[in-house]
Amino acid sequence: MDIPIAWFWAILAVALCIGEMINLSFFMLPFAIGCVAAAIASLFGVELAWQIAIVAVVGVACLLIMRPFAKRVTRPEPQKSGINRLIGKEAVITAAIEPGASGKARVGTEDWLAKAADPKTAMAQGSTAVVESVDGVHVVVVPRPQSKEQ
């Protein structure tokens, strides 16, 4: 029993639609539309080579048309939450950090135990630093480079 090529294009279109639902990239959907166009063309007796060309042309055309829409509706990267939101933030040293020891730092409105990323580094009270990571209850900070204007 021979399966008509239209069924192949229809099954491929459904598979691409399922892949699009899983991936949400707006990349597979245009080619699924191309497969539907090829399935319709095969029902009218168009040769296989032309059907493949139809998939490619319709898929690329739909992709070019849909990309601006996809960029509008897709969400930007989620904002950092929890302790990850501290990474990259400025910290003010509120209790000096001695080499190999911890001190305290204020990040935004929160006070944290702080330690230097390099255990040989000391940071004076009132100096500014940047949070590099969070290690348990400590923020790991690196000194903020002093600008030449100060």
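In this predicted model, the accessible surface of the chain amounts to about 10,400 Å², and carbon and sulfur atoms contribute 65% of that area. Of the 150 residues, 27% count as buried.

Along the principal axes, the C-alpha atoms occupy a box of roughly 80 × 40 × 25 Å. The radius of gyration is 29 Å, whereas a compact globule of 150 residues would have a value near 15 Å. Among contacts in the chain with a separation of 6 or more, 51% join residues 24 or more positions apart.

The secondary structure comprises 3 helices and 5 strands. Their order from the N terminus is α-α-α-β-β-β-β-β.

Helix 1 may be considered in detail. This helix spans residues 5–23, 19 residues in total, and extends 27 Å from its first C-alpha to its last, close to the 27 Å expected at 1.5 Å a residue. Within helix 1, the residues A6, W9, A13, L16, G19 and E20 are buried. These residues lie on the same side of helix 1 because they cover an arc of only 145° around the axis. The cover over the buried residues of helix 1 includes helix 2 (28–43) and helix 3 (48–73). On the other side of helix 1, by contrast, W7, I11, M21 and I22 are exposed. Just after helix 1, L24 adopts a positive phi of about 55°.

Methods
Residues are numbered from 1 along each chain as its sequence is written. This is a predicted model: local features need pLDDT of at least 70, side-chain atom pairs count only at pLDDT 80 or more; totals for chains, interfaces and linings use all residues. Side-chain values use heavy atoms; hydrogens and water are left out. Helices (H or I, at least four residues) and strands (E, at least two) are DSSP runs, numbered from the N terminus. The expected span of a helix is 1.5 Å times one less than its number of residues. Buried means under 20% relative accessible area, exposed over 50%, partly exposed in between (1.4 Å probe, protein chains only). The arc is that of the directions from the helix axis to the C-beta atoms. Contact means heavy atoms within 4.5 Å. The radius of gyration is taken over C-alpha atoms; the globule rule is 2.2 Å times the number of residues to the power 0.38. Accessible areas come from the Shrake-Rupley method with a 1.4 Å probe; for residues, only the protein chains shown count as cover.
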